[in-house]
Structure formats: structure tokens, C-alpha cells
Amino acid sequence: MVKSIGISLFGIAAPHALSFLARRRYPNVTFGYCAHANYCVFEGPNWANKGSALGHVRMGRGSYCAKECRISHCTIGRFCSIGAEVQIGWFTHPVKHVSTYPGFYSKVKHPLHYHTLDQFVEEPDVIMGNDVWIGDRAVIKSGVKIGDGAVIGAGALVTKDAESYSIMGGVPAKLIRKRFSDDIIKKLLALQWWNWTDEQLREMAPYFSDPQELFHRWNVWKNRPNQYFERAGVMG
Ligand SMILES: CC(C)(COP(=O)(O)OP(=O)(O)OC[C@H]1O[C@@H](n2cnc3c(N)ncnc32)[C@H](O)[C@@H]1OP(=O)(O)O)[C@@H](O)C(=O)NCCC(=O)NCCS
């Protein structure tokens, strides 16, 4: 009785405590109710909304995850949007062992355990580029690479790499279509707008709805006269 009350209280207090520690450890991240992170590196500013748990994650500038995500062993680029209840990177059980039950390969205590050594299978990290959008409830297998600008549809199970600017969906996820023509994709990948400064992004944001217009405006902006004069040593 006392033990079960203790376990219940611990269950209630632990997520709050983890969230409190995460807020102190990562001041450049906004954590929602009971969201937490451990062994992570955040470029900031980032968000992890209500109930999300992140472990061994590197997250680039501006990227965020919505509520109740489970993200582990993953590198996430800049300006990525991760929907609710997304699962990225998973643990695995050794399918070639006699049994997949953890009590036979892990020293972590399970209801039954007969083993004193850890024989975990190390899973490779998920590598996600920049400007990736992951729809609600998508699941992404360990080791998958998701290219810049890719979109993963709601509910997708991603088991293979997603090319840059592809839209993937389904179980298992397949290519639905590319977001843009090959020519535009090539130019966007060369542009790497996600590495621009805040000033550059503010200037160019009005043209983000049209890639061709953005390419044009960027060329005008980067070749604007004051830069020319600065380069030529005429000003200042
Ligand atoms: C993937 C997605 C972006 C595609 O949107 P779209 O370009 O408007 O796609 P369409 O509705 O034109 O559908 C195109 C095809 O893809 C299929 N499709 C669309 N979304 C799909 C998904 N999530 N999984 C599997 N197939 C999907 C459609 O059935 C259609 O197939 P068909 O050509 O055989 O008829 C969108 O459906 C999606 O899943 N968005 C995520 C929404 C979300 O989770 N929001 C909350 C987080 S911010």
C-alpha cells in the first residue's frame, strides 16, 4: 500500500522534476508542461511543447517539436517543424538472439532478468537536414537521413532515407512527389537560406512564397550598391 502510494507520487513528481531541470540546463529552449530533455545540444531558440521528451538530440536554430514527441539520438537542422506525437529514433531488441526479451541481453531491471551484461545493439542516429516538416504521429526509424526541405506526411512510418525537398507519406513511407522542379531544388540547396543572418531573413521573408522571386531578390540584395562601395573601399 505504502509502496504503491510512493510509486504513484514518484510518477507524478518525476516529469515535473525532469522538466524543471531541463529548463535550468537549457535556457535557450522553451519547454511546455512536463516537457524535458537530457544529453542534448540546442542552438536556440527552440521549443519542446507539452510532454515531449528529448534525449541525445542536437537541434538547430529555431527548430521545434509540438506536444508528446519522443525524440532520441537525432541531429535536427535549422528551422525544422516537428508535429505532435512524433517518434524519432527507437531502441531495438536483438532479433538474432534466441529471445528478444530484454532480460536476456540487458542488465537494466525488467520484470524478469537473467543477465548481468549489457549487449545492446547500438542504433545509428537519425540525421535531419534543415527546413524539414514532420507531420503529426510520424515515426522515423533510427539511422534514417532526411534531406533539407523534406516533408513527412502525418502518420508516416519512415524506414528509408528521404531526399531533399521530397514529400513522403504512408506505411512504409514512399515518395508522394517532389516539392519543386529539380532546377529550383538545386538552387534552394545552393542558397542555404537557413544559414542567413536574422537581418537577411527579415529582408527576404516577404519573397519566401515564390522561389523564383526569392532568387531574384537575393541576387539584387547581395549585390546592392552599399556592399559594392564597401568592397571597393569607397565608404567609411
Ligand atoms: C503529406 C502532406 C503534406 C501532403 O499534402 P498535399 O500536398 O496537400 O497532398 P494531397 O492531399 O494533394 O495528396 C497527394 C497524394 O498523397 C496522399 N497523401 C497525402 N497525405 C498523406 C499522408 N499523410 N500519408 C500518406 N499518403 C498521403 C494522398 O492520398 C494523395 O494520394 P493520390 O495521389 O494517390 O490520390 C499532407 O497530407 C500531410 O500529411 N500534412 C501533415 C499535416 C499535419 O500533420 N499537420 C500537423 C503538424 S503541423
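How many bridges join strand 5 (residues 53–59) to strand 7? Six bridges join them, and the two strands run parallel. The model is predicted: local features need pLDDT of at least 70, side-chain atom pairs count only at pLDDT 80 or more, and totals for chains, interfaces and linings use all residues. Residues are numbered from 1 along each chain as its sequence is written. Strands are DSSP runs of E, at least two residues long, and helices are runs of H or I, at least four, numbered from the N terminus. Strands pair if DSSP finds at least two bridges between them.

In strand 7, I76 is the bridge partner of M59. Strand 7 also pairs in the parallel sense with strand 9 (residues 87–88), over two bridges. Here R70 stands opposite Q87. Three bridges link strand 7 to strand 10 (residues 126–128), again parallel. T75 has I127 as its bridge partner in strand 10. Strand 7 (residues 70–76) is largely enclosed by the rest of the structure, because five of its seven residues are buried (20 or more other C-beta atoms within 10 Å of the residue's own, C-beta atoms being placed from the backbone).

Beyond four places in sequence, the contacts of A37 (C-beta atoms within 7 Å) include V29, L54 and V57.

The residues around the ligand include G83, D136 and I176 (C-beta atom, placed from the backbone, within 6 Å).

Definitions and conventions: A residue is buried if 20 or more other C-beta atoms lie within 10 Å of its own, exposed if 12 or fewer, and partly exposed in between; C-beta atoms are placed from the backbone. Two residues are in contact if their C-beta atoms, placed from the backbone, lie within 7 Å.
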